[in-house]
Amino acid sequence: MNYSYTPIKLEIVLDYIVTIHYFEYTRGFEFPGEAHDFWELLYVDKGEVEIFTGDRRCTLTKGDIIFHKPMEFHGLRCLGGNAPNLLVAAFVTGSPAMSFFQGRLLRAGDPERDLLARVIREARSAYSSALNDPYLEKLILREDVPFGAEQLIKISLEQLLIQLIRRDSAPVKVRATSSIRETADSALFRRVTAYLEAHIREQLTLDDVCRENIIGRSSLQKTFRSRTGGGVMEYFSRMKIETAKQYIRDGQRNFTEIAHDLGFSTIHYFSRRFKVVTGMTPTEYASSVKILEER
């Protein structure tokens, strides 16, 4: 047998990861701007921000992605009186295909959001650096970094870039019937998360969620575990804490009001749940956000 080796054409290759950030900005935060010699991806996970690059300004809302090419001056400010959440990934690449992203504003679908979530998940497990520090200039590896974590960050970002180019430059085609179940699971996940968000102030039970969304417990739990790694009520609890963090950054409510508004039975239970999810008490979190903003 005379086997031949087929070379692999690499369209997008990331050479270095510079920084990975997941910012939880305070209401009204402004960043005056900077320029650097690497690419930067910015994704709006929650809220609304205005981005400026030179004399160009554009408004980004939840689900929007924008890229800044090397040496492009850029800055941002929060809009709408909210406290937005942003994912920022900075990387070095010499791939010519990156020219596709210059000047483009893109939208993230479910596949892209899943990849961005993996980037953050792997970054938190790989690096000891605070991903919410806007002044972070170097990522510090943990001593116990999980096997392949850095490579998964690189692969996930490369796959994200390839998917965006494929999706936004190819003609629209009818989706294959083999993806019907995946589409149905995605629709169920979106429907239930929208329901949870609409009832974020209430004390829901799993039976409430199943009854109102006409779905069995096992099917619903299976869908959430495959997408989030946990059950529905765990996701709902984390959603409440994420909302509480935004309220704290907004600065319009005290802790007792936040606990009441989000359906916690007591301020003490709220504080315990907050620390379980974030590793900090509400007071410690409020202080950490203020310190970062004042640096």
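A residue is called buried when its relative accessible area is under 20%. In this predicted model, helix α1 supplies a ready example, for D110, E112, L115, L116, V119, I120, E122, A123 and A126 are buried in it.

**The sheet and its strands**

The order β1-β8-β3-β6-β9 describes an open sheet of five strands with antiparallel pairing. Its edge strands are β1 and β9 (residues 105-107), each of which pairs on one side only. On average, and with direction ignored, neighbouring strands of this sheet are turned by 20 degrees against each other.

Strand β8 comprises residues 85-92 and is mostly covered, with seven of its eight residues buried. Strand β1 (residues 16-24) runs antiparallel to β8 and is joined to it by eight bridges. Strand β3 (residues 39-46) also pairs with β8 in the antiparallel sense, over seven bridges. Individual residue pairs that involve β8 are listed below.

| Residue | Partner in β8 |
|---|---|
| Y16 | V92 |

Helix α1 (residues 110-126) lies across β1, β3, β6 (residues 64-68) and β8, and runs at about 100 degrees to β1. Helix α6 (residues 232-250) lies across β1, β3 and β8, and its direction is at about 80 degrees to β1.

The length of α1 can be checked against its residue count. An expected span is 1.5 Å times one less than the number of residues, so the 17 residues of α1 should span 24 Å. The end C-alpha atoms of α1 are 24 Å apart, which agrees with that expectation.

**Nonpolar cores**

The largest nonpolar core has 34 residues, of which I20, L41, I65, F67 and F101 touch the most other members. Two or more residues of this core come from each of β1, β3, β6, β8, α1 and α2 (residues 149-169). Helix α2 gives the most, with seven residues.

The surroundings of I20 can be described residue by residue. With neighbours within four places in sequence left aside, I20 is in contact with V88, A89, V119, I120, A123, L131, L136, L139, I153 and L157. Among these contacts, V119, I120 and A123 are also buried residues of α1.

Another core, of 27 residues, lies apart from the largest one; F189, V192, L204 and V209 are among its members.

**Cysteines**

A disulfide is a covalent bond between the sulfur atoms of two cysteines. The criterion applied here is a pair of cysteine sulfur atoms within 2.5 Å, and by this rule the count comes to zero disulfides. C58 is in no disulfide, and the nearest cysteine sulfur, that of C78, is 14 Å away. Likewise, C78 is in no disulfide, and its nearest cysteine sulfur, that of C58, is 14 Å away.

Are these two cysteines buried or exposed? C58 has 14% relative accessibility and therefore counts as buried. C78 has 8% relative accessibility, so C78 counts as buried. The cut-off behind both assignments is the value of under 20% for a buried residue.

Notes:
Residues are numbered from 1 along each chain as its sequence is written. This is a predicted model: local features need pLDDT of at least 70, side-chain atom pairs count only at pLDDT 80 or more; totals for chains, interfaces and linings use all residues. Side-chain values use heavy atoms; hydrogens and water are left out. Buried means under 20% relative accessible area, exposed over 50%, partly exposed in between (1.4 Å probe, protein chains only). Helices (H or I, at least four residues) and strands (E, at least two) are DSSP runs, numbered from the N terminus. Two strands pair if DSSP finds at least two bridges between them. Axes are lines fitted to C-alpha atoms, for helices over the stretch in contact, and angles run from 0 to 180 degrees between N-to-C directions. Contact means heavy atoms within 4.5 Å. A nonpolar core is a set of buried Ala, Val, Leu, Ile, Met, Phe, Trp, Tyr and Cys residues joined through side-chain atoms within 4.5 Å.
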